[in-house]
Amino acid sequence: MPFDQFTSVEQAYIRESGIDNYTTKIPYILVDNFPSLGKLVAYRFLEWIAEHPEGVISLPTGKTPEYFIKWTKYLLDNWDDPKASENREKYGLSVEKKPEMGRLKFVQIDEFYPISPKQHNSFYYYVNKFYVKGFGLDPQNALLINCDQIPLAGGKSFSEIFPENIVDIALRYREAVTDTEKKQQESIFLIDQWCSEYERKLREMGGIGFFLGGIGPDGHIAFNTRGSDHHSATRLTSTNFETQAVAAADLGGIEISRKRLVITIGLGTITYNPDAVAIIFAAGESKAEIVKQSLENEPVNLYPATVLQKLKNSRFYITRGAAIRLEDSKESYYKSGEWTHQKTEKTVLDLCKKLDKYGIDLSLDDLKECRYCSLIPGLNDQTVKSVMNSIEVKINKGLQQEREQVYLHTGPHHDDIMLGILPHISHQLRSASNQFHFAVLTSGFTAVTNTFLLSALKDTRKLLDAGRIEMTKYDDFFENGYKYKWDKDVYHYLNKVAAKDPEGQRRGLCHRIVRNIVELSNVKSIEELREQLSDFISVLRKSYNGEKNPPDIQKLKGMIREFEEELVWAHFGVQVKNTHHLRLGFYTGDIFTEQPTKQRDVEPVLKLIRDIEPTVISLALDPEGSGPDTHYKVLQVIAEALRIRKEETDLSRLRIWGYRNVWYRFHPADADVFVPVSLTSLGALDNAFRNCYVSQVDASFPSYEYDGTFSGLAQKIWVEQLKDIQLLMEKSYFYQNSHPRIRAAHGMLYFKELTVDQFLEQARELEKSMEG
């Protein structure tokens, strides 16, 4: 596509990216990171509106639009500000008059069915809050999906027709047996008719003029999941596991999202207007594979976004992380800049996988015929051996037993440390000369479902009523006694794990909940405790799944997660006082969380670093601030604390261990420490996870990659990573090795070791996008 066929805004960003040539089926524009992505979309959106003040727009929901919404509002609210004017000029938005929003027509993309429009986790609520009200659109010009207004049999509400919020879509095709099923069947056909009317109204507008959408892990656009017909229209439909896993956070758990249907516009709806601007935006390496498949394949139902090839104005706006697997990105990576051994490692490892050959079996001809291996300077029959040698160095680093170290292992959420680096920690714990501290920086309450907490509170009340919470009978318990013997709670619980006594474990959890409520609610007697338990139970019973909880219930959920974290590290003899719960204030449970601040968020981390004086700090190393944005924000908090500490003292001997877990993965060439993982370590991981993270064993908020616990996914990843290294080194390298830990390896974890300066430089590159 010629450069002059891109818009003025797009041309500005293409120039900034330095990439003006692509080989994909749909044009794409590259930005550095997630916040910059929202900025690009905002400029392009306002550019289009200026030319189409009465156009039809359709905008997405969820977390991905965060910076698009913020930048759009900023630009509209500060249109006449000199700095904003300067930015508009820089990025090609050559529009003098502020675009009018009031005459635009808005079309809602999709919605769960059924769901009350009053619920804050409904898309109806979202689009009204952030787009209709937030952008100043006219509600009369909005075509929305309000489940309360979709007619059903006998004029009844969806709660009457579908009392459990479960719609059996098979009633379209099978015989309705009971009176209830007959009403449900009639209602499903009425919903189908409503969807047809929705589609008709949209097409009478001329179709969508400006469509902006994210892309799901399976490639879904709107709720058009993998395999959707490219001619599909608005419809009531079911979803697949990947989509349900992503929706679990909105609906309060996959137990809910598995059973919930959706109403969505179709792929044919999106492409009905041949002049439509259709933009898919995606951030992060987790989206890299589906971005590659969507951009490099011919139109095929397996990848819904390939339908956009029929639109001349379709685009992908993506971050460098999301583009990392594109052939264009590989070409740029290998053919620009200095050639490094890291590049040699990467291309040789990739060739082993592509040809499914052991490294020792790769011939010189294989290397020469490989597009990128052929670029290796001084390519010869020792090239593969050089890679095998450097990989062995990384493995040996992971075997080193350290002494006299002070470790501060940090995690954005509870379980991040375990899932990222547990096998390495467990080996270092064997030296009594090492000191260990574990810090979870957020309270993590969003990972605890209402259902779990409600059940735990009922059990606690039952034990209290039966007189089985003995500690409440001590005279000073409600004054000071509850503050003591928290280590005993943990030890008692783990004793019951050893005894295979689930009832005893449950009682241990209830004991901790009692301590938490006494601290949280300042109760002074058994009667007040019982009343507070009943109040919490009442609130939860009245709450809808996915609803934001009141602050005291949020705190109680967070305290349960903190108890779980204490249990994990107590497995290895770590005392409660060495497990730190920082509860940083930016973590609020809102769809768009606040930015960290120095006094509220950085100071607690800085104080911990001052007090502990660690020689090693581990952290989740997010490549570009996408996915769970808590990872990115926590990384920036730690970075700022280290900047301040560096001005106070010499940190040249402090090492940073950057790990990734179930959300991100290192290419082996990008990590420099490989830790062999034995079956014993895998068993310890799974047992500790299942016995300690009791709120997580039902996997209510799973990864889209794995229908099960995060510990199961971590094991799957480590096993796959070992296979990659075995393919290079040969399996015999492992089972015939002189080192017992290498012989025992059935998994492999990777991490990256950095100096403080290297880490701060990397963090600063991410932070630049947040300024202004």
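Asp415 counts as buried, with a relative accessibility of 6%. Its place is in the loop between strand S11 (406-411) and helix H16 (416-428). The backbone of Asp415 is worth a look too: phi is near 85 degrees, a positive value in a residue other than glycine. Keep in mind as you explore that this is a predicted model.

Ala699 gives you a second case of this kind. Ala699 has a positive phi of about 50 degrees, although it is not a glycine. You will find Ala699 in the loop between helix H24 (679-692) and helix H25 (710-729). At 13% relative accessibility, Ala699 counts as buried.

One more backbone feature sits in a loop. Which form does the peptide bond from Tyr113 to Pro114 take? That bond is cis, with omega near -5 degrees. Pro114 belongs to the loop between strand S4 (110-113) and helix H5 (123-133).

**Salt bridges**

How many salt bridges does a search of the whole structure find? The search finds 55. Here are some of them, with the distance between N and O.

| Salt bridge | N to O distance |
|---|---|
| Lys292 and Glu296 | 2.7 Å |
| Glu345 and Lys394 | 2.8 Å |
| Glu470 and Lys473 | 3.4 Å |

Let us take these pairs in turn. Lys292 and Glu296 are 4 residues apart in helix H11 (residues 288-296), so about one helical turn separates them. Lys292 is buried, with a relative accessible area of 15%.

Now follow the salt bridge of Glu345 with Lys394, whose closest N and O atoms are 2.8 Å apart. This pair links distant parts of the chain: Glu345 is in helix H13 (residues 341-355), Lys394 is in helix H15 (residues 383-399), and they are 49 residues apart.

In the salt bridge of Glu470 with Lys473, Glu470 is partly exposed, with a relative accessible area of 41%.

Salt bridges can also join up: Glu10, Arg44, Glu47 and Arg315 are linked in a network of them.

**Two buried residues in helices**

Thr269 lies in helix H10 (residues 267-270). Thr269 is buried, with a relative accessible area of 0%. What does the side chain of Thr269 make a polar contact with? The partner is the side chain of Glu199, at 2.8 Å.

Leu464 is part of helix H17 (residues 450-465) and counts as buried, at 6% relative accessibility.

**A charged patch on the surface**

To finish, turn to the outside of the model. Where do Glu527, Glu528, Glu531 and Asp535 gather? They form a patch of negative charge on the surface. Glu527 is found in helix H20 (residues 526-542). With a relative accessible area of 53%, Glu527 is exposed.

Methods: Residues are numbered from 1 along each chain as its sequence is written. This is a predicted model: local features need pLDDT of at least 70, side-chain atom pairs count only at pLDDT 80 or more; totals for chains, interfaces and linings use all residues. Side-chain values use heavy atoms; hydrogens and water are left out. Patches are made of residues with over 30% relative accessible area and no salt bridge: like charges are joined within 9 Å, nonpolar side chains (Val, Leu, Ile, Met, Phe, Trp, Tyr) within 5 Å. Accessible areas come from the Shrake-Rupley method with a 1.4 Å probe; for residues, only the protein chains shown count as cover. A salt bridge is a side-chain nitrogen of Lys or Arg within 4 Å of a carboxyl oxygen of Asp or Glu. Lys and Arg count as positive and Asp and Glu as negative; His and the chain ends are not counted. The place of a charge is taken as NZ of Lys, CZ of Arg, CG of Asp or CD of Glu. Buried means under 20% relative accessible area, exposed over 50%, partly exposed in between (1.4 Å probe, protein chains only). A polar contact is a pair of N or O atoms within 3.5 Å; within protein, one must be able to donate a hydrogen and the other to accept it, and residues adjacent in sequence count only if both atoms are side-chain atoms.
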